[in-house]
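Please read the following briefing alongside the sequence and the 3D view. It is written for someone who is meeting this structure for the first time.

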Amino acid sequence: MSSGHTPLFSPTSAMLPAPGLIMSVNSPDSFALCTVVRAGLELQQTHGPIYAMPIDILAYIFHLGTHFDRNNGVEFPILVSHVCKSWRNLALSTPRLWTTIFISSASIAEWVTFPPGPVLPKASAFVIRSQRCPLRIRVELMVPARANLVDQVVSLFVRTLTTATIELIALVHDRVKTLHIETNVNDAVFMATFRLLSLGLPLLEDWRIDFGNADDSFKRRTWSVPNQTFAEFDASGLRRGWLGDGTPQLSMDASLPRLRALCLCGVRATWAHWSIRNLTSLSLSYMSIADRPAMHHLGDVLERNAASLEQLELFAMLPRKWAEDQMPRIILPKLRELRVGYADQNEAIGLFMVLEMPSLKSLALCDVPRTLHYMHQRDLKYRGFDTDIPIDITVPNLAPDSDSDSTILLCTLTRRCRSLMTQIQELELLHVLLDPQARLWADDVFADQDVAAQFLCPLELLLTMHSLKNLVLSGADPAILQSLNQPLIFPAHAPEARKPRIFYCGSQISTLKVLEADYDDLVDFLYNRSEIARDLEHSPLLPVFGRLEFSLELADMHSLQRECRGNNIDLTLLAKKVRCKALPIPAVNANQPAL
């Protein structure tokens with residue numbers, strides 16, 4: 001009796017060649033033998049289990065495969081379309097397989113001659129095969145540091161590729177949903193925004209532009225232009241397109257009606273005429289000193305998006321000087337996540353003095369020069385160079401008067417922004433350094449405590465943050481780590497209390513992540529905490545983390561394992577779950593200079 005559906009697996013007999021074909025094998029003609037075998041194999045393939053699967057399910061599996069593609073969904077459609085004729089027909093008739101377009105200039109460095117043919121053959125094919133589906137476009141237009149061809153030829157093709165890419169995007173401007181442009185070509189950003197914004201990007205929801213590199217943040221300007229008021233990114237909507245044909249200029253609301261996430265990295269915008277609104281996510285980062293917005297211009301940008309912003313990232317782009325008394329308070333009622341990177345702690349202090357964020361739950365603070373210094377040191381280490389070099393060499397354009405620690409910033413947040421800090425549930429500190437001097441803490445907060453000066457700042461911070469659940473320390477200052485092991489002793493006031501009460505900070509923390517830490521600092525922290533946990537008097541008072549994570553160099557991980565085997569460190573006493581992972585090896589490009 002028929003079951004009423006097509007079985008997923010065909011009977012075994014259906015996978016074998018027909019009897020007539022088997023009889024023909026005895027023919028002495030070798031050509032006929034090859035034909036018979038090939039026909040049998042084709043019949044077996046067309047009756048395999050995968051071919052019994054419904055077409056719509058197989059198409060959906062193809063679509064899922066694009067999400068697991070290491071090349072962001074670009075190569076998987078090409079792969080499945082070259083398996084067999086039926087898969088190719090299915091792939092070509094499934095437009096959403098071809099909606100991720102990746103354009104790169106990476107192969108130029110390997111060329112030995114200028115290639116013939118069209119400039120963008122793969123991207124053009126994807127545009128045609130995707131039909132009218134929304135597109136995700138990622139562009140990498142980078143002039144290689146070294147190439148086989150002469151610089152003039154490389155520069156010529158990069159400009160040709162840039163122009164062709166912009167025109168291709170302009171051709172499908174009404175279908176672009178996400179757009180990510182990464183480039184070091186000086187005029188690429190200007191050409192893209194000048195061309196595209198005049199046409200409008202009605203479906204665009206996520207736009208990211210990365211120009212140059214993070215080290216440019218401390219230069220006077222990213223690249224030389226005659227007029228210092230020039231900006232690559234038009235956030236005003238006032239510029240025209242290629243042709244003055246009298247077409248009415250679109251307002252920014254009409255040009256980008258669905259834009260919700262915008263990231264400008266190393267890109268100077270028309271700060272004084274910013275018209276982009278209704279953003280839920282805004283990231284402005286790594287801008288040279290001359291490219292950064294003035295204090296009141298940054299305030300205008302935030303005011304225009306105050307009602308909708310939920311995520312805000314301001315890294316190495318803050319004004320150098322703030323005048324708090326000249327700035328009105330900016331209220332961001334929906335903001336839940338804030339990431340601030342600074343070269344000088346006074347940049348961040350000025351920002352916090354003008355912001356009100358009643359819904360903020362996640363805060364990240366990053367000392368940008370020290371973070372870049374750490375990254376350059378690791379790069380030098382894996383290149384075989386000496387890593388004991390000062391920060392003014394790894395970050396040569398850093399202003400000599402930059403404040404080299406974050407003590408005043410943490411002090412300001414603890415004392416002048418206390419209500420803000422009490423609501424934070426996740427705090428991330430990236431390469432934040434503290435001054436061990438006690439001059440900032442000359443009051444009676446810890447007057448009765450026998451606490452070393454270097455622990456005063458982090459202890460008061462932890463005592464203020466009642467809602468803190470997740471603490472992430474990247475490149476942690478050892479004083480911040482060891483403050484979690486410092487006991488606070490309160491005298492016994494009640495008559496029945498015979499002993500003073502001992503208290504350890506951090507009982508509210510469920511997850512602690514210690515990333516990129518110095519090995520010796522991390523081992524000292526874990527060893528000291530293990531000793532406290534073994535103490536019969538103090539162990540009941542020491543908080544046990546729900547989750548403890550840390551990352552180390554691979555060689556240091558083996559050393560830590562030996563410490564644990566020797567019972568010097570007992571991680572089972574410190575957290576319910578412990579995870580240790582090796583730091584990824586930096587991608588060393590031999591064609592790039594070390595510094």
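Ser 155 is partly exposed, with a relative accessible area of 33%, where buried means under 20% relative accessible area, exposed over 50% and partly exposed in between (1.4 Å probe, protein chains only). Ser 155 belongs to helix H7; helices (H or I, at least four residues) and strands (E, at least two) are DSSP runs, numbered from the N terminus. Between Ser 155 and Val 143 the C-alpha to C-alpha distance is 7.2 Å, and the two are 12 residues apart in sequence.

This is a predicted model, in which local features need pLDDT of at least 70 and side-chain atom pairs count only at pLDDT 80 or more, while totals for chains, interfaces and linings use all residues. Residues are numbered from 1 along each chain as its sequence is written, and side-chain values use heavy atoms, with hydrogens and water left out.

**The chain as a whole**
- The protein chain contains 19 helices and 18 strands, and buried residues make up 46% of its 595 residues.
- Among the contacts (heavy atoms within 4.5 Å) with a separation of 6 or more, 78% are between residues 24 or more positions apart.

**Nonpolar cores**
- A nonpolar core is a set of buried Ala, Val, Leu, Ile, Met, Phe, Trp, Tyr and Cys residues joined through side-chain atoms within 4.5 Å; in the largest one, which has 144 residues, Trp 207 and Phe 352 touch the most other members.
- Helix H7 (residues 151-171) supplies the largest share of this core, namely 8 residues.
- Because domain 1 (48-97) and domain 2 (372-398 + 408-436 + 455-493 + 505-582) both give residues to this core, it lies between them; the domain bounds come from an automatic or database domain assignment.
- Leaving aside neighbours within four places in sequence, the contacts of Trp 207 include Leu 179, Ile 181, Phe 233 and Cys 263.
- There is also a second, separate core of 7 residues, including Phe 315, Ala 316, Cys 366 and Val 368.

**Helix H10 and its cover**
- In helix H10 (residues 295-304), the buried residues are Met 295, His 297, Leu 298, Gly 299, Val 301 and Leu 302.
- The cover over these buried residues includes strand E6 (281-285), strand E7 (311-315), strand E8 (330-331) and strand E10 (355-356).

**Salt bridges**
- The whole structure holds 18 salt bridges, each being a side-chain nitrogen of Lys or Arg within 4 Å of a carboxyl oxygen of Asp or Glu.
- Glu 313 forms one with Arg 339, with the closest N and O atoms 3.3 Å apart, and this pair links strand E7 to strand E9 (residues 337-342) across 26 residues of sequence.
- Arg 339 also meets Glu 428 in a salt bridge (3.1 Å, N to O), which links strand E9 to strand E12 (residues 426-430), 89 residues apart.
- Glu 313 is partly exposed at 23% relative accessible area and Arg 339 is partly exposed at 21%, whereas Glu 428 counts as buried at 17%.
- Arg 418 and Glu 460 meet in a salt bridge (3.7 Å, N to O); Arg 418 counts as partly exposed at 39% relative accessibility, while Glu 460 is buried at 5%.
- Through shared partners, salt bridges join Glu 313, Arg 339 and Glu 428 into one network.
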